[in-house]
Each structure stands twice: as C-alpha cells, then as structure tokens.
Amino acid sequence: MTERRTFNTPLREPLNPIIYQSLRAIDWHNAQYFLTMDQWHLEKAAIIRQYVTELKAWIYEQEERMENLGEGARGEGKQA
C-alpha cells in the first residue's frame, strides 16, 4: 500500500470503504461490458464514477473548511 492510500483523517475513515467498494463496482461493470457488450454496464460505471468524483471533491472541500476553521484535516487542531 502506498503512502497516499494509507493517508487517513477522521472525515475520510468512514468513507474509505464506500470509495473502495465503488471503485470495485466500476471495475466489475467495465468487465461485464467487455464480456457482454451491454452498454448498460458502461452507463452504470459512469454513474458510479461521477459519484466517487463528487464525493472526493466534497471530502477535499470539508477538509479545507476544517483547516480554515483551525480544526486541522486530521482533527488535531492548530496550536496558537
């Protein structure tokens, strides 16, 4: 596991399994498309991909907001 994948915050922790399973679902739909050539699988993969993109953007926004409020992305808070 790379450093990037081990980085965690209290905000990210409950969402990591959701993101992981979503990425697995995208892979599964892509594989099913290549097996069946059913366009439906590509459409579902695209929907899930968009969800993951929006979720990650939301996480970044929330972490930035926490940093600006002095809470720190890791929930540590800033010292005066």
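1. In soluble globular proteins, nonpolar side chains tend to be buried together.

2. A word on the basis of these remarks: this is a predicted model, in which local features need pLDDT of at least 70 and side-chain atom pairs count only at pLDDT 80 or more, while totals for chains, interfaces and linings use all residues. Residues are numbered from 1 along each chain as its sequence is written, and side-chain values use heavy atoms, with hydrogens and water left out.

3. The protein chain has three helices and zero strands, where helices (H or I, at least four residues) and strands (E, at least two) are DSSP runs numbered from the N terminus. Read from the N terminus on, the elements run α-α-α. Of the 80 residues of the protein chain, 26% count as buried.

4. Among contacts in the protein chain with a separation of 6 or more, 52% are accounted for by residues 24 or more positions apart.

5. Which residues of H2 are buried? They are Ile19, Ser22, Ile26, His29, Gln32 and Tyr33, and because they fall within an arc of 145 degrees when seen down the axis of H2, they line one face of the helix; the arc is that of the directions from the helix axis to the C-beta atoms. These buried residues pack against H3, whereas the face of H2 turned away from its buried side carries the exposed residues Asp27, Phe34 and Leu35.

6. The 21 residues of H2 should span 30 Å at 1.5 Å a residue, and its end C-alpha atoms are 30 Å apart, which agrees; the expected span is 1.5 Å times one less than the number of residues. H2 is followed by methionine 37, whose phi is positive, near 60 degrees.

7. Tyrosine 33, found in helix H2, counts as buried because its relative accessibility is 14%. Leaving aside neighbours within four places in sequence, tyrosine 33 is in contact with Asp38, Gln39, His41 and Leu42. Tyrosine 33 and alanine 45 are twelve residues apart in sequence and 9.5 Å apart in space, C-alpha to C-alpha.

8. The structure holds one salt bridge, that is, a side-chain nitrogen of Lys or Arg within 4 Å of a carboxyl oxygen of Asp or Glu. In this salt bridge the side chains of arginine 12 and glutamate 63 meet (2.6 Å, N to O), and the pair links distant parts of the chain, with arginine 12 in the loop between helix H1 (3–6) and H2 and glutamate 63 in helix H3, 51 residues apart.

9. Why does arginine 12 count as buried? Arginine 12 counts as buried because its relative accessibility is 17%, and glutamate 63 likewise counts as buried, at 8%.

Key:
Buried < 20%, exposed > 50% of the residue type's maximum accessible area, 1.4 Å probe, protein only. Contact = heavy atoms within 4.5 Å.
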